[in-house]
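Hi,

Here is the structure I promised to pass on. Have a look at it first, and then read my notes below.

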Amino acid sequence: MIILTGQTATGKTKLALELAKKHNGELINFDSRQIYKYLDIITGKDIPKTKIWLYDVVLPNEYFSSFDFVKHVTPIIEDIKKRGKTPILVGGTYLYLKHLLYGFDENNSPPDFKLREKLNSKSVNYLQKMLIKLNKKVFDDLNHSDQLNPRRLIRRIEITKSKTKTVLNKTVFIKSVPEIFIGLKYKDKSELRQVIIKRVEERLKNGAIDEVRKILKMGYKETDPGLKTIGYQQIIKYLNKKFTKEKAIDDWVNKEVQYAKRQLTFMKNDKNIKWREV
RNA sequence: GGGGAUGUGGUGAAAUGGUAUCACAUUAGUCUCCAAAACUAAUUUUCCAGGUUCAAGUCCUGGCAUCCCUG
């Protein structure tokens with residue numbers, strides 16, 4: 001198995017295609033945004049859809065988690081191997097990769113959307129108290145940042161309250177340690193920024209705004225999981241007249257640069273990744 | 001030339017004369033089922049020179065800068 005990850009806008013796709021040729025491989029996407037149908041131009045789906053797995057799996061208003069990803073991808077990997085070919089995973093969503101390679105916690109539970117909806121409007125303080133009451137140790141085990149993070153608090157509450165536990169066999173994942181595990185990154189950020197600016201311009205030229213219009217016309221909303229994506233958020237604000245075009249572009253570029261930084265911060269902890277500068 | 005307005009972190013703003021705040025950006029980080037998400041921490045400010053006052057971003061005088069109106 002081959003895995004190709006790293007920062008956004010580093011040319012992962014191009015390298016993936018080369019590797020596929022060389023190693024008789026089949027590509028699998030692990031980019032959480034390209035999982036979504038209709039999000040094409042802005043998420044940069046530049047491989048023909050018939051030549052890569054896991055593009056267009058769910059609709060923009062559907063929930064899709066790293067757990068769902070692992071569930072979807074495992075049989076595909078097995079299938080490719082069975083046919084004597086090399087699975088090549090390419091993408092930038094490290095959380096998906098992390099869960100695929102190193103597994104989940106044993107006593108986890110599926111999402112409780114009703115509970116999430118109910119708790120979403122609550123204050124951080126309320127959530128903290130609620131979790132402490134349910135199980136103080138769980139709260140204490142969280143780090144400072146997470147103790148103040150409503151989403152993480154809600155997730156902990158959800159797990160603590162849940163009766164059904166999802167047990168996953170960790171070994172399933174660890175078995176497939178990749179032979180090649182490459183991460184692509186920029187050596188300096190100003191270069192990354194330049195590339196991102198250029199890419200945003202290109203995507204606008206290729207019809208990014210029309211893409212958003214089309215998706216909104218289909219009835220999808222700003223708050224749908226798929227549209228909570230860099231680029232879409234900014235263009236929607238532009239279309240709603242909350243942003244000028246310049247502001248939207250500026251924000252788009254900025255958010256993407258910040259995202260690239262966070263990707264690196266997260267991936268750096270994985271000592272198995274062999275880094276390559278572009 | 002005349003009249004008016006405004007000067008506060010990198011940017012946009014807030015502060016009855018009483019500890020200079022906020023948002024965004026920047027830098028570092030967190031992450032075991034929303035992750036292109038959500039969150040944490042750190043850094044950086046009152047145009048200049050005087051004056052009044054226990055105390056000035058705030059009031060007074062002068063200068064400089066920018067913007068608007070008008071010859």
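Before we get to the sheet, one term: two strands count as paired if DSSP finds at least two bridges between them. Keep in mind too that this is a predicted model.

With that term in hand, start with S5 and S6: they run parallel and are joined by four bridges. If you want a spot to look at, find Ile182, which sits opposite Lys274 in S6.

Now zoom out. How many strands form the open sheet, and in what order? There are six, in the order S3-S2-S4-S1-S5-S6, and the pairing is parallel. The edges are strand S3 (52-53) and strand S6 (274-277), each of which pairs on one side only.

Next, S1. Strand S1 (residues 2-6) pairs with strand S4 (residues 86-90) in the parallel sense, over three bridges. Ile2 stands opposite Ile88 in S4. S1 also runs parallel to strand S5 (residues 180-185), and here five bridges do the joining. For that pair, look for Gly6, which faces Leu184 in S5.

On to a pair of helices. Helix H4 (residues 113-120) packs against helix H8 (residues 150-161) at an angle of about 140 degrees, and their axes are 10 Å apart. That angle makes H4 oblique to H8. As for handedness, the crossing of H4 and H8 is right-handed. Which residues meet there? From H4 you have Leu115, Arg116 and Leu119, and from H8 you have Ile154, Ile157 and Glu158. By class, the residues of this contact are four nonpolar, no polar and two charged.

Last, the RNA. RNA strand B is surrounded by 49 residues, and the closest are Ser32, Arg33, Ser65, Phe67 and Thr166. Helix H2 (66-82), helix H7 (144-147), H8 and helix H13 (245-267) are the elements that each give two or more residues to the surface near RNA strand B. What classes of residue make up the surface near RNA strand B? It has 15 nonpolar, 21 polar and 13 charged residues.

Cheers

Definitions and conventions. Residues are numbered from 1 along each chain as its sequence is written. Chains are lettered from A and ligands numbered from 1 in the order in which they are written. This is a predicted model: local features need pLDDT of at least 70, side-chain atom pairs count only at pLDDT 80 or more; totals for chains, interfaces and linings use all residues. Axes are lines fitted to C-alpha atoms, for helices over the stretch in contact, and angles run from 0 to 180 degrees between N-to-C directions. Angles under 35 degrees count as roughly parallel, over 145 as roughly antiparallel, 65 to 115 as roughly perpendicular and the rest as oblique. A crossing is left-handed if the near helix is turned anticlockwise from the far one by less than a right angle, and right-handed if clockwise. Two residues are in contact if their C-beta atoms, placed from the backbone, lie within 7 Å. Ala, Val, Leu, Ile, Met, Phe, Trp, Tyr, Cys and Pro count as nonpolar, Asp, Glu, Lys and Arg as charged, and the others, Gly among them, as polar. A residue is near a molecule or strand if its C-beta atom, placed from the backbone, lies within 6 Å of it.
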